[in-house]
Every structure is written in C-alpha cells, then in structure tokens.
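I set out to record what could be looked up in this structure. The entries follow in the order in which I made them.

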Amino acid sequence: MQPEIRKQIIMSNTIGFSNFRRFTSFPEIDLGDITILVGGNNAGKSTLVKAMLLMRDFLKSRIESVDKTENIFQTIKPQFKFDAEHVNVGEFYRAFCRQSPSNEDTMSFSMKIDKFHFVVNIRGERKSGVVPEVSMITITDEDRDITFTFDFSTNQMTAHFSYDKMALNSHDSDIKDSLLKEENRLIDRLKEFEYKLSKCKDLEKITAIKVDIERTTRELDRIKSEIKVEEQSNSGYSIDEYDSVTVGLSFFIGDNIGEYIITELINGFVNYAYTGTTGDKRSKEYKEQIAHKSFLKGKEAEIKAVSKEIENVLNRQTIEYIYAHSVSQTPFYANCIGSSDYTKRTIHEFYNSRISSGDENIGIPKDNEFILIENWLNEFKIGNSLKIKSYAGDSYQVYIIDDDNPDGIDLADKGMGSIQLVILLLRLATLIRKYRGQDLTVLLEEPEQNLHPAIQSMLADLVHDINKNFGVQFIIETHSEYLVRKSQVIVGRKYDSEEKAKENPFRIYYLPQNGLAYSIGYTLNGRLTEKFEPGFFDEAGKSNFYLMRKERGLE
C-alpha cells in the first residue's frame with residue numbers, strides 16, 4: 001500500500017453514560033484503535049456515538065464572557081448542550097432515559113482521553129422547556145493520582161492529592177497496594193451484585209444475590225480493617241492534613257475569555273491561593289483558609305502542569321463523524337460552498353485542502369493522502385487515479401482515470417457503489433490532511449451502504465491501512481457481516497502470536513436489544529471469543545438450512 005509515515009499517538013479512550021436515551025446505565029467501555037459496533041436497529045449504537053460527540057463538544061467548550069466583578073461560576077454554570085453537530089437529541093427531557101424512575105433527575109457522561117478521566121453530571125426537570133444545569137464535574141489525572149471535583153450545587157471545589165498518602169517504605173507499600181487492589185475488586189463486585197439485584201425479578205435469585213452481597217460486604221470490611229492496621233503500623237507514614245482541600249469556587253478574571261472552561265476551573269485553585277483572606281485572624285475559619293492557600297501554593301506547579309496537559313490533549317484530540325448519506329449520479333457539482341449536500345461539500349473541501357497529485361515532469365512528488373486515494377481506487381477496481389476541475393471555485397467535475405480512459409471519465413458514469421467509495425476516500429483524505437499532527441478519531445456510520453459484499457469486506461482493510469499508516473482511530477457502526485468477517489481474517493493473518501496480538505487494533509462490541517453492550521475479542525487464529533445474538537451471523541445459515549431441507553422434501 002502507500003509508504004508508511006510516522007504514526008500519531010492514538011489516545012486510549014473510554015466512554016460511558018447513564019440515563020441517556022435508552023440506557024439507564026451504560027458502563028464505560030474501552031475503545032480500540034478500530035472499534036466495531038454491531039447490533040440490531042435501535043440497539044444503541046448511535047446512542048454511544050452521540051454520547052461521544054456531546055462529551056467532545058462539552059470538554060472543548062470555552063469561556064465566552066466574564067463579569068470581572070463576580071465569580072462567574074457562582075452565577076453562570078457551564079452548559080451541557082444537546083444540539084452538537086450530528087446530534088439531533090433536542091431537549092434534556094427528550095434525551096433522558098424514559099425507563100429511569102420518575103424521581104431520577106441526573107444524567108451522567110464519562111470519558112477517558114489519554115490519562116485524563118472526565119465525569120460530567122447534568123441535572124434538570126424532565127419536562128419540556130427546562131434548561132438543565134451541570135451539577136458536577138470531576139477530572140482525574142490518573143498518572144499523578146490527582147482528582148479535581150467541582151460541585152456547582154454547593155459552589156465548592158475540591159482538589160484531592162491521593163499520592164500524598166503513599167509515603168510508605170517499599171515493603172509496606174507493596175502490602176498496602178495489594179490490599180487496596182483487593183478492596184477495589186470487592187467494591188466492583190458489590191456494584192455488579194447491586195446491578196444484578198436491581199434487574200432481577202426472580203425471588204429465588206434475589207435471595208442468592210443478597211447472600212453474595214452480605215458475604216462480599218463482610219470481606220470488604222475485613223480488608224478495610226487490615227488497611228487501617230497497615231497504615232498505623234508504618235512508623236514512617238503520616239497523612240498530610242491537607243491532602244484534600246475543599247474551597248469555594250474562586251475568582252476568574254477577564255483574560256479567561258476564550259480559554260477552555262475545564263482548564264480554567266482547575267486553574268481556579270491557584271487563583272484562590274492568591275486571593276486575600278479576611279476575617280478574624282484568631283478564628284478557626286481564618287487559620288483554615290491560610291493553611292489551604294499555603295498548601296495550594298505548594299501544589300501550584302502540579303496544578304498548572306495538569307491544566308496545561310489537559311489543554312494540550314484537548315487541542316490535539318479531534319472527533320469527526322462521517323454519517324450515512326446518499327449520493328447521486330450527476331456530472332456537475334454546482335454551488336458547493338456552504339451546501340448541505342454531503343457529496344458537494346466533500347468535493348469542495350477536498351479540492352480546497354490542496355492535496356497534490358504531484359507532477360512527475362518537474363519532480364514534484366504526490367502527497368501521501370493522494371497516494372492513499374490512488375491505491376484504494378485500484379484496490380476497489382474503480383480506476384487508477386482521479387482529477388477534479390473547478391469552475392469559479394464553487395462548482396466541480398470529478399474524473400476517474402483508468403487504462404482505457406487516460407484523460408478521465410466522469411464520476412457520474414460509475415455505479416452508485418463506486419461513487420460512494422470515491423466520496424469516502426475524498427473525505428478521509430481531507431480529514432487526514434486537515435488534522436495532520438493531531439489525534440483524529442473518525443466515527444463511521446454504516447459505510448457498507450450501496451456496496452457489494454466483497455467490497456464491504458475490503459472496508460476492514462481500508463480502515464486497518466489508514467490506522468496503521470496515518471494513526472487514525474476508527475469507531476464503526478455497521479450491520480455488515482462481511483466487514484466483521486474480514487477483520488477476523490486480518491487478525492488471523494497479522495496478529496497470530498501472543499506478541500503480535502498486543503498490536504491488534506480491532507475491538508468489537510455487540511449491543512443486544514436487551515442488556516448491556518459486551519466485548520467480543522479475537523483468538524490468535526482470528527476466531528471470535530463470544531457469540532453474536534441471533535439474526536447476524538446465523539441469518540444466511542438459517543436460510544441455507546431451510547433450502548437444504550426443502551430440497552429433501554422436509555419442508
């Protein structure tokens with residue numbers, strides 16, 4: 001395929017949510033370099049994608065205006081909007097899960113980007129016309145083990161530096177680490193049992209689950225007691241009194257305009273540390289403020305480092321959605337600027353991205369993005385190359401060049417499937433060029449439409465090629481058995497050892513009609529580790545089985 005270029009660093013991502021659309025709870029799932037989402041209609045694939053787009057927009061929201069005389073986050077809470085591009089959810093009450101109990105009023109989204117974990121809670125009344133409020137934001141730097149919590153219902157913010165509690169010698173630290181891991185495991189088990197209990201309606205099973213909960217709770221209490229003894233027995237260990245600081249939301253000045261809301265909230269701890277302290281200097285409250293500010297000044301470098309790194313991560317990370325769309329066989333694409341027509345807009349943006357086909361006569365090489373297009377035009381047996389003619393910068397003709405037509409034939413003379421593929425290649429090449437040097441995630445909705453089964457299977461090769469050579473992360477919503485099967489073949493060919501399997505970019509999640517999404521892995525020979533629900537892989541087999549029985553007179 002095309003020459004390999006430097007691969008970008010793909011950020012590890014997770015996504016989870018609660019009380020959003022059809023899910024009361026959607027526990028966080030890990031997204032691979034190429035994540036394939038499979039499931040029936042209305043199973044929740046598009047819900048997951050919408051959750052990602054909404055979180056992307058919220059995390060990248062910026063401060064638009066500031067009242068210099070007031071604490072802006074006491075008067076204006078960050079807004080979580082449900083009208084992001086490609087997300088037609090509408091109002092909060094429409095987005096809220098209808099299966100949730102009537103007293104539930106909080107929707108939650110969680111996402112991990114790189115080493116940062118973000119959780120956003122949105123609260124509101126479940127009726128038309130009500131604008132919800134962000135009630136809480138939690139940000140965790142998992143490497144530094146620092147958590148910032150912003151509670152807008154109480155107008156307080158907390159900085160928790162849990163690594164201050166790990167001043168143990170090596171031996172004691174290992175013991176405590178083991179106990180803490182066991183504690184976390186038992187907490188996760190309790191959550192799992194409680195979830196099963198909330199869904200279970202069988203009295204006998206409910207009784208058994210309650211027994212499991214009691215047993216696990218007793219074990220958890222024992223582990224907590226051992227942790228406490230271990231802490232007390234460590235003579236070189238002392239908890240810093242101010243490892244967790246809770247203060248009022250601090251002042252934000254005029255030069256915050258245009259900055260990320262998320263990073264400015266974190267910087268608010270430093271702002272608070274340098275505000276004046278008033279009140280009776282002999283009072284406990286005054287002394288506590290002084291102590292908190294002194295502590296935060298000591299942590300200033302770390303706080304600013306976290307804020308800056310989050311800013312860099314958000315600047316690098318981009319999510320683009322290529323949604324299912326129709327194409328038409330037209331020889332002339334007119335009035336493309338600002339057009340709502342996906343095909344026209346794609347051609348216009350590709351042309352203006354200045355991706356060069358090179359010039360062999362004067363030694364100008366082709367751009368890598370153009371090599372990608374040519375390679376895949378050949379792979380899909382559409383042609384050898386393409387060229388676009390522009391008229392007044394707003395109208396275009398697209399020509400496909402092949403062995404029989406060195407001057408090119410109009411794209412409109414190709415079939416609908418070929419046009420669909422050309423537009424997909426142009427869009428991908430444009431995104432790669434536009435976000436060069438950034439971490440690009442492409443959400444791809446049902447790319448198999450209009451395509452022959454053999455070509456559908458090649459889509460797995462296409463995304464694998466782009467992921468490996470351009471560092472693009474893909475999340476694919478699909479109903480194509482052929483695309484999934486080809487991913488198995490790629491894994492069996494390229495990732496067939498324990499060492500190679502570590503580099504396998506593919507990950508599958510099946511979203512059943514009832515229940516939670518579950519992960520389906522690959523064995524070293526490409527087989528899947530879990531089964532799909534009936535109606536996907538087995539559908540062709542059922543039809544063939546019927547015909548075989550019919551031939552034998554059994555039907």
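**Entry on helix α11.** I began with helix α11, residues 416-434: at 1.5 Å a residue its 19 residues should span 27 Å, and its end C-alpha atoms are 27 Å apart, which agrees. The expected span is 1.5 Å times one less than the number of residues. Helices here are DSSP runs of H or I with at least four residues, strands are runs of E with at least two, and both are numbered from the N terminus. I then noted that 16 of the 19 residues of α11 are buried, so the helix is largely enclosed by the rest of the structure. Buried means under 20% relative accessible area, exposed over 50%, and partly exposed in between, with a 1.4 Å probe and protein chains only.

**Entry on the source.** The model is predicted: local features need pLDDT of at least 70, side-chain atom pairs count only at pLDDT 80 or more, and totals for chains, interfaces and linings use all residues. Residues are numbered from 1 along each chain as its sequence is written, and side-chain values use heavy atoms, with hydrogens and water left out.

**Entry on the whole protein.** I recorded 15 helices and 17 strands. Of the 555 residues, 48% are buried. Among contacts (heavy atoms within 4.5 Å) with a separation of 6 or more, 67% join residues 24 or more positions apart.

**Entry on cavities.** I found two cavities of 30 Å³ or more. A cavity is a set of points on a 1 Å grid over the protein atoms alone where a 1.4 Å probe fits but cannot get out; a pocket is an open set with protein on both sides within 12 Å along at least five of seven lines; lining residues have an atom within 4 Å of a point. The largest cavity holds about 80 Å³ of space. Two or more residues of its lining come from each of α11 and β14 (439-445), and α11 gives the most, with three. The lining includes Gln420, Leu421, Leu424 and His325. By class it has seven nonpolar, two polar and two charged residues.

**Entry on the largest pocket.** The volume of the largest pocket is about 450 Å³. Of its 20 lining residues, Arg21, Arg22, Asn42, Ser46 and Thr47 are the closest to its centre. Helix α1 (residues 45-59) supplies the largest share of the lining, three residues. I also noted that 13 of the 15 residues of α1 are buried.

**Entry on helix α13.** For helix α13 (residues 481-494), the 14 residues should span 20 Å at 1.5 Å a residue, and the end C-alpha atoms are 20 Å apart, which agrees. Its buried residues include Leu483, Val484, Ile490 and Val491. They pack against β3 (34-39), α12 (453-470), β15 (473-478) and β16 (506-511). What caps the N-terminal end of α13? Serine 480 does, with a side-chain oxygen 3.3 Å from the backbone nitrogen of tyrosine 482.

**Entry on serine 100.** Serine 100 lies in the loop between α3 (92-95) and β4 (106-113). Is serine 100 buried or exposed? Serine 100 is buried, with a relative accessible area of 6%. Leaving aside neighbours within four places in sequence, serine 100 is in contact with Asn19, Thr24 and Arg126.

Terms used. A polar contact is a pair of N or O atoms within 3.5 Å; within protein, one must be able to donate a hydrogen and the other to accept it, and residues adjacent in sequence count only if both atoms are side-chain atoms. Grid points are joined across faces, edges and corners, and a volume is the space filled by probe spheres set on the points. Ala, Val, Leu, Ile, Met, Phe, Trp, Tyr, Cys and Pro count as nonpolar, Asp, Glu, Lys and Arg as charged, and the others, Gly among them, as polar.
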